[in-house]
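Open the model in your viewer and keep the selection panel at hand. Each stop below says what to select and what to look for.

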Amino acid sequence: MAESAQPTITEQAQGVATKLANSVAETLYLGEQSKDDSAKSALPILYIDEKAGNDTTGTGAELSPFATPLAAYQSLNPPAESDANPSSVANLMVRKPDSVERNEWVEISTSGKKKLVKNISGWRKSQAKLAAEGDRLAKEKAEREEKERLRREEAKGVILVDDASKESKKTKIYAVPELVGQRVRINGWVHRFRPQKTNYFLVVRDGTAMLQCILTGDCIKTLDALDLTTESTVELVGTVEKVKEGQTAPGGVELLVDYWKIIGRAPGGADAFDGRLQQDTDASIRADLRHLELRGETATSVMRVRALLLRAFRDSFHKRRITEVTPPCMVQTSVEGGSTLFEFDYYGAPAYLTQSSQLYLETVLPSLGDVYCIQESFRAEKSLTRRHLSEYTHLEAELVFIQFKDLLDHLEDMICDVVDTLLADPVSSEIIKTLNPTFQPPSRPFLRMDYRDAIKYLNENGIKKEDGQDHVVGDDIAEAAERKMTDQINRPIMLIHFPKLLKAFYMQPLASAPDFTESVDVLMPNVGEVVGGSMRITDYDTLMAAYKREGIPSDPYYWFTDQRKYGTTEHGGYGLGVERFLAWLLNRWTVRECSLYPRWMGRATP
Ligand code: 4AD
């Protein structure tokens, strides 16, 4: 029947139900999808640009993208549960190099996501490994600390007793080698220190010498032993023994310690002495730390020879009946020209730090005869050469009733005498041997070279002026040329007869050539000029003319001029730079190493 093509009521009802169901399902599906979308849109968006991004400085913002998806993911500090589906914690938007111009960001691709998941897994693994390593290190540290705590606890119980009933002789270290077999008490600084399982080897210095000390038994179990550092001050008591055959130690002896303690502990760790000054420490830091550098073996040796050198000079002067005086350092007249004067305010009037005590020495010739002084001189040098200081120790002598030749002979005698004395002294000779192994005492007579011959020498040997020109008579011989010549000749030179116009006002003109002077510079290899000296003008009128020539007002020099008025006579003298002499003797690169606390342009500390 045709009606059969028509749906029955039931069929109709079923169709409506199906439609309804479909539309509900559709509605439900769409609802889920919009829920997903809204969940996604709630997630943070992180931008990634492999080329323009940066994993260290990037923030993930569009203008500050990361370079890799992994860094973007890590930035969220995500829980491990999201590792398999990184998109559940962020929308990762990637910009390809070819879409930079269009500024086109697209969601990370499926393959990108896969790669990211793999990278996350690698990252998690290395994190875990690091954490395990950290745990192991932390455990080890805790164990070490505990061990140390126990060691210290134990050490607290070890008390060394300074047994007053047992005799000990307090002594400086230099005398220890004479006290073999005796119990002695010494104080000093820990110069070197080598802890071993059963022994501690300490080299202690007290300024007079060094001593090897051996600590054993309870001596290395105390808190002081645990806390020992170099440069700590210590007191040690023990028996002096000769070192065993084949072994060496300072003085050939060592101290077997039975009691000791730290007097002042020097810091360890980051502030430890040994770390503050090293071979390659920058020169300006070394200069700042001069007070610590002076504890080093080289600086100590130089200072020790310096002391012995001054003593040798004093002895040599004393032997010659030359009397020491101590002129003032604050003056109101210049000696070596105004350009290197340090000026200061002296109660409202200008005054200077002395450049030389020469003029004062000259004033006491009539009362004390030959005189000398060892005094600081000051030069406002505007150069930073290795032989110039702003303050240096100036050894000056003035000799009366002499001729120029006598002055040169005396200088030669003094220098050779002092060198001989230092080479005969066990302490200084040992240091000279160590610091300047090829040193030979100067052979006499010293080469005496006229200034005009030196000019010839320079030209014949191609030693030019600073401007590349040949030297001519009248030229000042610059430091470099002077040093070159001295090093070539390689023996002390007495360079004599400088032109009047190059030298100070007080120098006696040469009788045979009045434009030149009876003057001398002693030049030493490696340093150059170490001594400057001359005969002095004896005649009143010549002196007045010299003031005038140099533009020096004579009034402030009335006390000096009076020497030419009240019994004038021939006399001469010299000044020797102690630091330069030491630099020559000990083969030091610069005079700065030969001064306790050197001053040069820009430095007056420490
Ligand atoms: O040659 P100078 O300037 O001579 C005089 O001062 C004379 N009045 C000395 C005298 O005859 N009593 O200096 C003498 C010596 C030089 O040869 C040099 O060794 C040293 O002093 N000297 C310096 N040393 C270190 N730094 C400086 N800036 C120096 N200036 C001079």
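**Stop one: the ligand**

Select Arg580 and the ligand: an N or O atom in the Arg580 side chain sits 3.5 Å from a nitrogen atom of the ligand. Keep in mind that this is a predicted model.

Now show the backbone of Val531. One of its N or O atoms lies 3.3 Å from an oxygen atom of the ligand.

Which residues come nearest to the ligand? Select Glu336, Gln358, Glu396, Glu529 and Val530. They are part of a set of 22 residues around the ligand.

**Stop two: the annotated span**

**Stop three: a helix pair**

Select residues 540-550, helix 15, and residues 558-565, helix 16. Their axes come within 9 Å and cross at roughly 150°. That angle is over 145 degrees, so helix 15 and helix 16 are roughly antiparallel to each other.

Show side chains for the contact. Helix 15 brings Tyr540, Leu543, Met544 and Tyr547. Helix 16 brings Phe560, Thr561, Arg564 and Lys565. How do the residues of this contact divide into nonpolar, polar and charged? Five are nonpolar, one is polar and two are charged.

Key
Residues numbered from 1 in each chain as written. Predicted model: local features only at pLDDT ≥ 70, side-chain atom pairs only at ≥ 80, totals over all residues. Heavy atoms only, no water. Axes fitted to C-alpha atoms, helices over the stretch in contact; angles between N-to-C directions. Helix = DSSP H or I, 4+ residues; strand = E, 2+ residues; numbered from the N terminus. Parallel < 35°, antiparallel > 145°, perpendicular 65-115°, else oblique. Contact = heavy atoms within 4.5 Å. Nonpolar A, V, L, I, M, F, W, Y, C, P; charged D, E, K, R; others polar. Near = heavy atom within 4 Å. Polar contact = N/O pair within 3.5 Å; in protein donor to acceptor, adjacent residues only side chain to side chain.
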